[in-house]
Amino acid sequence: MTSIAIVFHSGYGHTRALAEAVAQGVGQVAGARVHLIAAEEAEAKAALLDGADAIVFGSPTYMGSVSAKFKEFMEWSSKTWYGRGWADKVAAGFTVSASQSGDKLNALVQLSIFAAQHGMVWVGLDLLPGNNNSKGGVEDLNRLGSFLGAMAQANADQGPEGVTEADRKTAAHLGKRVAEAAARWKK
């Protein structure tokens with residue numbers, strides 16, 4: 001069995017919707033087991049994180065950065081960091097904001113640096129950008145054109161139902177990719 005933990009903070013439900021989509025992607029890989037962990041519950045579920053083969057990080061992008069609640073989780077992990085407890089685990093990340101850009105790339109950079117500080121092995125999104133030519137559209141996978149991780153855009157005046165099907169499918173693709181990479185890395 002390959003164990004994948006998804007640690008996320010969701011202020012309005014959008015990031016949780018993406019976390020669930022990542023989990024669906026993980027579920028497509030035989031032998032993969034997934035654990036959804038809200039960032040606020042991470043300390044109580046430290047054993048799951050420590051035993052995971054991969055950890056996927058998810059945060060909304062607020063003001064061009066990960067959320068304060070997710071940052072609290074990052075800072076909580078400093079004892080694990082000092083002991084190199086997550087070294088050589090596979091890592092990946094996803095984020096969502098209301099704006100098309102919303103400076104989501106900065107949030108993914110923060111997540112990837114966080115993983116690097118822990119000595120983790122980052123898995124990016126292997127999809128070419130969608131929605132970037134005359135035959136493309138908003139239904140394309142990776143419609144926001146990210147390589148570092150999965151990005152989503154959800155309208156500020158909608159709840160989780162505002163997360164597009166294309167963004168959910170992109171997040172699921174990332175989850176499947178992480179589970180496959182973790183299984184290979186584990187061998």
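**Close-up views of a predicted model**

**View 1. His 118 sits in the loop between α5 (104-117) and β6 (121-122).** The model shown here and in the other views is predicted. His 118 has 1% relative accessibility and therefore counts as buried, since buried means under 20% relative accessible area. Leaving aside residues up to four places away in sequence, His 118 touches Ser 77, Thr 80, Trp 81, Arg 84, Trp 86 and Ala 87.

**View 2. Helix α1 is mostly covered.** Of the 13 residues in α1, 10 are buried. They are His 14, Thr 15, Ala 17, Leu 18, Ala 19, Ala 21, Val 22, Ala 23, Gly 25 and Val 26. The cover over these buried residues includes the strands β1 (2-8), β2 (32-38), β3 (54-62), β5 (90-97) and β7 (150-153), together with helix α6.

**View 3. The length of α1 agrees with its residue count.** With 1.5 Å a residue, its 13 residues should span 18 Å. The end C-alpha atoms of α1 are 19 Å apart, so the two values agree.

**View 4. Helix α1 (residues 14-26) crosses helix α6 (residues 165-186).** Their axes come within 6 Å and cross at roughly 45 degrees. The two helices are therefore oblique to each other, and their crossing is right-handed.

**View 5. Residues of α1 meet residues of α6.** On the α1 side are Ala 17, Leu 18, Ala 21, Val 22, Gly 25 and Val 26. On the α6 side are Asp 167, Arg 168, Ala 171, Ala 172, Gly 175, Lys 176 and Ala 179. Sorted by class, this contact of α1 with α6 has 8 nonpolar, 2 polar and 3 charged residues. In an α-helix there are 3.6 residues a turn, so residues three or four places apart point the same way.

Methods. Residues numbered from 1 in each chain as written. Predicted model: local features only at pLDDT ≥ 70, side-chain atom pairs only at ≥ 80, totals over all residues. Heavy atoms only, no water. Axes fitted to C-alpha atoms, helices over the stretch in contact; angles between N-to-C directions. Helix = DSSP H or I, 4+ residues; strand = E, 2+ residues; numbered from the N terminus. Parallel < 35°, antiparallel > 145°, perpendicular 65-115°, else oblique. Left-handed = near helix turned anticlockwise from the far one by under 90°. Contact = heavy atoms within 4.5 Å. Nonpolar A, V, L, I, M, F, W, Y, C, P; charged D, E, K, R; others polar. Expected span 1.5 Å × (residues − 1). Buried < 20%, exposed > 50% of the residue type's maximum accessible area, 1.4 Å probe, protein only.
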